[in-house]
Amino acid sequence: MNWLTPYLTQHPELAVFLAIGLGYWIGQFKFKGVGFGPVTGSLIAGLLIGYFFHVPVADTAKQLLFLLFMFGIGYSAGPGFIRGIQDGGWRWAALGLLIPLTGLLTAVAVAKLLNLEMGYAAGMMSGALTESPVIGTASEAIRSLPISDEEKSRLISQIPVADALTYIFGTFGVIFFCSYIGPWILRLDMKAEAIKLEAEMGMARSQPGISSAWRMYELRAYLLDASQPLVGRTVAQAESAVAPERLFIERIRRGTELFTPQPDTVLQAGDVLAIFGPHEALLRVVESRADEVFDRELLDVPQASFDVEVNSRDIAGRRLADLRSNEAIIRGVFLKTIQRGQEQLPVAPGTVIQRGDLLTIHGLVPAVERVAALVGNISRPTLNTDFVTLGLAIFVGALAGMALSLPLGGLHIALGSSVAVLLVGLAIGWRNSRRPLFAYIPPGAVEFMKSIGLAAFVAMIGLKAGPVFVDAVRAIGLQVFLGGMVVTLTPMFVGLLVGRYVLGLNPLLLLGALAGAQTMTAGLAAIQERSESPVAVIGYSSTVAFGHILISIGGTALIWFLH
């Protein structure tokens, strides 16, 4: 491969894209649900390319990409982080704080016990807690230390080595603990607990990926003749007579007149009623009692599905069952999905709505707009990114991070530009969740910033550390690997025991929360597979934002503790 050497050494950007491509390819491979993932795959690819080709890497390019990533992760996780503190229940917030803090303190203790240098300690924490942003925050903290540039480079080159050594067990450890060790300690039958919890929440079981036609909603016209018992009743009485079915009389033709009825409108013989509701309910309840007629003009009413972000205090914190019982609020609309962060929650009577949740509601446009105004803000997709806010936020955050410093042991250590940008992104993301037109960045753009920013950053870290990788593994590999096992498992044990026996959390939701606090989606998937239920996602979504924010900041704190 000597022919490739001059291209990669003279044009290092080619090596970065090669590492990203190979990294995402490596990240696709899994063994029993365990794999490296694209970010660690990019790191490994960078290490290998750097070992064979010695590619020069510009620090400016690394920092540019990492700041984009840190803003993106703060922007996306900020609403969940603030919501978890304000509305998510103090027990979930306590667990979300406890696990990252335990991980940090464990990493500090293990590093001191094994006499690891700061770089190896930071990489061990990053891989063991499967939060690659620690590579960047710890690197920046090392660069702020009053040591020589050569020493800084040497310590920073240790970080990706230790990360690569500990990441696999960091992934496997969380998966195995949440799906086997944790349930064994709690003597938990995961399937039985899932069935019990689903029953409490009112969830209906279904096969993954399969839905039935009864969830479709239609507007149909029916003739009301004199023999039917609805004649002489009001609209409100007619709708309540078929409860718990949710069927709504949206329009009426009376002779040549078309009008939208009020709840106290009295139905008369000869009326043609436009009734809206689930297809199956219309067939079962109405079809056998009234004749369907074709009336295009009566049925010519627009319907829509809108994504609505919850910010109403009257809605947040309430169960779906409580909201459903209040037809004055939700009359005429149907809830299709609930999204919290990146996760889909079950649409069940026991599911609690929180601020920041994204609800997909369906119905006739007037009803949907009325309910959306009561619930929060309609999320209207757009491709326009607020680049003014993006650029100025990163500039102000990075500048503040370099200017602000904390006294520690006689030294003044800077907060760090990456941590400050993360916090600014968190604040802007939270504000956007309350005011969707403020600093809007499309989800696709945020995901690109997070994905390409971190993958390219760790690929360049790997390229720079590649020449020392093999020697470092030989010298310190076993110590770092064993230390990483302790750092992975200790927060799991502490979180499990405190969460169950001190905080009193539901055991199945607790397992999901453990996976969330260590940001391990594969751990959630393993719990859902073993319990044969999606319900653990409720616990996962309650803590995952805490994990992303606090573990990332922990990289800076680790260097402070060890210096």
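Reader: What makes up the count of helices and strands in the protein chain?

Author: The protein chain has 21 helices and 14 strands. Both are DSSP runs, numbered from the N terminus: helices are H or I with at least four residues, strands are E with at least two. This is a predicted model, where local features need pLDDT of at least 70, side-chain atom pairs count only at pLDDT 80 or more, and totals for chains, interfaces and linings use all residues. Residues are numbered from 1 along each chain as its sequence is written, and side-chain values use heavy atoms, leaving out hydrogens and water.

Reader: Which class does His54 fall into?

Author: His54 is at 48% relative accessibility, so His54 counts as partly exposed. The loop between α3 (37–53) and α4 (59–86) holds His54.

Reader: What is the phi of His54, and what is the phi of Thr130?

Author: Phi of His54 is near 55 degrees, a positive value in a residue other than glycine. Thr130 also has a positive phi, near 50 degrees. Most residues other than glycine have a negative phi.

Reader: How many residues of the protein chain count as buried?

Author: Of its 563 residues, 54% count as buried.

Conventions: Buried means under 20% relative accessible area, exposed over 50%, partly exposed in between (1.4 Å probe, protein chains only).
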